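Reader: I would like to learn how to read a model of this kind, one feature at a time. Could you take me through it, giving the general idea before each case?

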Amino acid sequence: MKPSVKFIHTADLHLGSRIQLNKDFDSDLDEGYKNAVYNSFDKIIEAAIENDVNFLIISGDVFDNESRSVKATRYFKEKCEKLKEHGINIYLINGNHDPYRREGELLQLPKNVKICDTEEVSTFEIYEEGKLIARVLGQSYRGSSESRKMCTFYTAPDQSVYNIGLLHTQLDPNDSNYVPVSKKDLLDNEHIDYWALGHIHQNQVINDHIPYIIYPGIPQGRDIGETGIGGYYLVNLEPENTYYEFKKTSDYIFERLEINLSELNKDTLSELIYFLKKEIDKYYESLDKEVQGYIIRVLLKGKTNLYDMFQEQEEEAIEDIINNLRSYYSGRMPSMFINDVVNRTSKKIQDLDYIIEKDPFIKELISFMSNIKGNEEKVEDIKKQMGDIWNPQVDLENQDPKEFQITDQILEELFEEAKDEIIKEIIERRDL
Ligand SMILES: [Mn+2]
């Protein structure tokens, strides 16, 4: 029977980066935001010691930058030294953000840090009390992109112990930037029992039995593109009692909150703000209170009488809403920071249902547009014509909030908006 092995699997620490907010960090009050990325790694180190794990795995992107920040490197070194005192080794691969440095690391890292090679797969044998209990295999990025299909070369001499493979990949066989492999490629490799993946910043379990395929995600999200709670996996591989648990680490959580204004039959900004506070209060009550705070993007949606007001002075109106909400939510525990408010509302057309019903042309137009939505070829055509700022390739690691990525949901919304706009124009120009 294989010996049991217990370890922590993390990835994408991005040390040296920090939370990005839609404001300047100005006071001691912001210390929490400044240190959150470091704090999340502290929690991982504490957990490794408390759980007395056999080792810690980091599947790439320890550092945010190829050049490494001195502060981040110093910090990482100290934390690794702490694990060394407890006899815990760290096995890591370099990812696309912190590829191998020819000139060496900035600081000499302690001996318990084992970095996988770039030119071939490194295999580390893990011993406890003189007995082999597991193997860790991995290969590092040479540069900020990596087109080698590395997982093919992960071969273990035998299956007498669990073999754990570290890989930094987007898990997309067509993406040659971040190791082009598919889930099937990983399943087909019979040598590996647990694929410890890194690169995608959302935690996800791709395969929940041998071979396990798991992304731990980023321990602390840094912008509105990295929503949800961050953490790591505590893993215990054992013939009769295998388990893996997601453990939370983020102090701050980014979330998007959609608020539909269709039900708000009011016309003034003050009534809107009152309504938003009520909606956000309800949302706040529903949140997990075991964190330092929340950073929220408020998305205004739906058909509203306030549409014209937004058309005329969107920038000032949004600024006014943000200022009001920020002061209303200041001083709470957990904290609640309104990062931004995005207006995606559309115009309310009076008696629209009646008009559609009575107007054969508009009725025909709507049915024509619904048919397009169901036609894959036409949808692909439309995607191509949307222009360069729209990125049809969704980058799962860095969902840049400033870049437009065409997900199915966004495309659906665009169709709806386009439909509304066309109908609105027709009706207004006819002067109905
Ligand atoms: Mn990363």
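Author: Let us begin with domains, whose bounds come from an automatic or database domain assignment. Here the chain is divided into domain 1 (5–248), domain 2 (253–347) and domain 3 (349–432), and the C-alpha centres of domain 1 and domain 2 lie 37 Å apart. This is a predicted model, in which local features need pLDDT of at least 70 and side-chain atom pairs count only at pLDDT 80 or more, while totals for chains, interfaces and linings use all residues. Residues are numbered from 1 along each chain as its sequence is written.

Reader: Which residues touch the most other members of the largest nonpolar core?

Author: A nonpolar core is then a set of buried Ala, Val, Leu, Ile, Met, Phe, Trp, Tyr and Cys residues joined through C-beta atoms within 7 Å. The largest core here has 83 residues, of which Leu-56, Ile-57, Leu-166, Tyr-194 and Trp-195 touch the most other members. Helix H1 (residues 31–50) gives the most to this core, with 6 residues, and because domain 1 and domain 2 both give residues to it, the core lies between them. Leaving aside neighbours within four places in sequence, Ile-57 is in contact with residues including Phe-7, Tyr-91, Val-136 and Leu-166.

Reader: Is strand E7 buried or exposed?

Author: Helices (H or I, at least four residues) and strands (E, at least two) are DSSP runs, numbered from the N terminus. In strand E7 (residues 162–168), 7 of the 7 residues are buried, so the strand is largely enclosed by the rest of the structure. Both faces are covered, with Tyr-162, Ile-164, Leu-166 and His-168 buried on one side and Asn-163, Gly-165 and Leu-167 buried on the other.

Reader: Which strands run parallel to E7?

Author: Strands of a sheet pair through backbone hydrogen bonds, either parallel or antiparallel. Two strands are taken to pair if DSSP finds at least two bridges between them. Strand E6 (residues 131–138) is joined to E7 by 5 bridges and runs parallel to it, with Leu-137 standing opposite Gly-165. E7 is also joined by 5 bridges to strand E8 (residues 194–198), again in the parallel sense, and there the bridge partner of Leu-167 is Leu-197.

Reader: In what order do the strands of the open sheet with 3 strands stand, and which are at its edges?

Author: The order is E13-E14-E15, with parallel pairing. Strand E13 (252–260) and strand E15 (335–347) stand at the edges with a single partner strand each, so one side of each is left without a neighbour in the sheet. E13 and strand E14 (residues 293–304) pair over 9 bridges, and Tyr-252 stands opposite Gly-293 in E14.

Reader: Where do cis peptide bonds and positive phi values of residues other than glycine occur?

Author: Most residues other than glycine have a negative phi, and most peptide bonds are trans. In this model a cis peptide bond joins Ile-210 and Pro-211, with omega about -5°, and another cis bond joins Met-333 and Pro-334, with omega about -10°. Pro-211 is placed in the loop between strand E9 (204–207) and strand E10 (212–215), whereas Pro-334 lies in the loop between helix H5 (307–328) and E15. Glu-129 has a positive phi near 50° and counts as exposed, with 5 C-beta neighbours inside 10 Å. Val-179 has a positive phi near 60°, but Val-179 is buried, with 28 other C-beta atoms within 10 Å.

How values were computed:
Buried ≥ 20, exposed ≤ 12 C-beta atoms within 10 Å, placed from the backbone. Contact = placed C-beta atoms within 7 Å.
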